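Student: I would like to go through this model with you. Could we begin with the sheets and then turn to the pockets?

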Amino acid sequence: MAKIQELKAEQRTCKGKGPAFQARQKGLIPGVIYGGANDAETVSVEGRTLERHVEAGHFLTTLFMLDVAGKKTRVIPREVQLDPVSDRPVHVDFMRLAEGATVRLEIPVHFNGQETSPGLKKGGVLNIVRHSIGLLCPAESIPNTIEVDVSKLDINES
């Protein structure tokens, strides 16, 4: 379970392709904050900072405290649009989370103990059907990964 990350954002007054393009020219990534009781608001996030968070992994399962002109909002990223050529973020959507909110997420699954598994030592193969599992969990306790131990599995066991 990760702690809440801080992220600074600027309020965008205009909507549409033109203002979003101008924000990207300044090194900012346009985004939208939606959900909760408030209306959707358009923001711009510092591009390099957002790229570092996306490249680090677990971006879509990390809670952020978004600071928009001194007003802090607890959010979770719901979608990041990437440039097809450079793989850099071009737009991000955030969803507001109230206290005590639950959220549905896809959590990655990691398999441990493959080097000591009797079935794999005999020549068996670990067949991974799902690389992530959908969970409905409280926003305060989102797991980073789900760890599965396969060290005691023999051939034809699951």
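Student: Which strands form the open sheet, and in what order?

Tutor: The open sheet has 3 strands in the order β8-β7-β9, with mixed pairing. Strands here are DSSP runs of E of at least two residues and helices are runs of H or I of at least four, numbered from the N terminus; two strands pair if DSSP finds at least two bridges between them. This is a predicted model, in which local features need pLDDT of at least 70, side-chain atom pairs count only at pLDDT 80 or more, and totals for chains, interfaces and linings use all residues. Residues are numbered from 1 along each chain as its sequence is written, and side-chain values use heavy atoms, with hydrogens and water left out.

Student: Which are the edge strands?

Tutor: β8 and β9 are the edge strands, each pairing on one side only. From one strand to the next the twist averages 40°, where axes are lines fitted to C-alpha atoms, for helices over the stretch in contact, and angles run from 0 to 180 degrees between N-to-C directions.

Student: How many bridges join β7 to β8, and how many join β7 to β9?

Tutor: Strands β7 (residues 102-112) and β8 (residues 132-138) run antiparallel and are joined by 7 bridges. In that pairing, Leu105 has Leu135 as its bridge partner, and Glu106 has Gly134. β7 and β9 (residues 146-149) run parallel, with 4 bridges; there, His110 stands opposite Glu147.

Student: What about Pro138: which strand is it in?

Tutor: Pro138 lies in β8. Pro138 counts as partly exposed because its relative accessibility is 37%, and that class lies between buried, under 20% relative accessible area, and exposed, over 50% (1.4 Å probe, protein chains only). Leaving aside residues up to four places away in sequence, Pro138 touches Ala101 and Thr102, a contact being heavy atoms within 4.5 Å.

Student: Now the barrel. What is its strand order?

Tutor: The barrel is closed by 6 strands in the order β1-β3-β2-β6-β5-β4, and the pairing is mixed. On average, neighbouring strands of this sheet are turned by 45° against each other, direction ignored. β1 and β4 (residues 64-68) run parallel and share 5 bridges, with Leu7 opposite Leu66.

Student: Which strands does α1 touch?

Tutor: α1 packs on the sheet and touches β2 (28-34), β3 (41-46) and β6 (89-96), at about 130° to the direction of β2. Helix α2 (residues 47-56) lies across β1, β2, β3, β4, β5 (71-82) and β6, and runs at about 85° to β3.

Student: On to pockets. What is the volume of the largest pocket?

Tutor: Its volume is about 360 Å³. A pocket is an open set of points on a 1 Å grid over the protein atoms alone, where a 1.4 Å probe fits, with protein on both sides within 12 Å along at least five of seven lines; lining residues have an atom within 4 Å of a point. Grid points are joined across faces, edges and corners, and the volume is the space filled by probe spheres set on the points.

Student: Which residues are closest to the centre of the largest pocket?

Tutor: Of the 21 lining residues, Val125, Leu126, Asn127, Leu153 and Glu157 are closest to the centre of the largest pocket.

Student: And which element gives the most to the lining of the second largest pocket?

Tutor: α1 does, with 3 residues. The second largest pocket holds about 190 Å³ of space, and its lining includes Glu10, Cys14 and Ser44.
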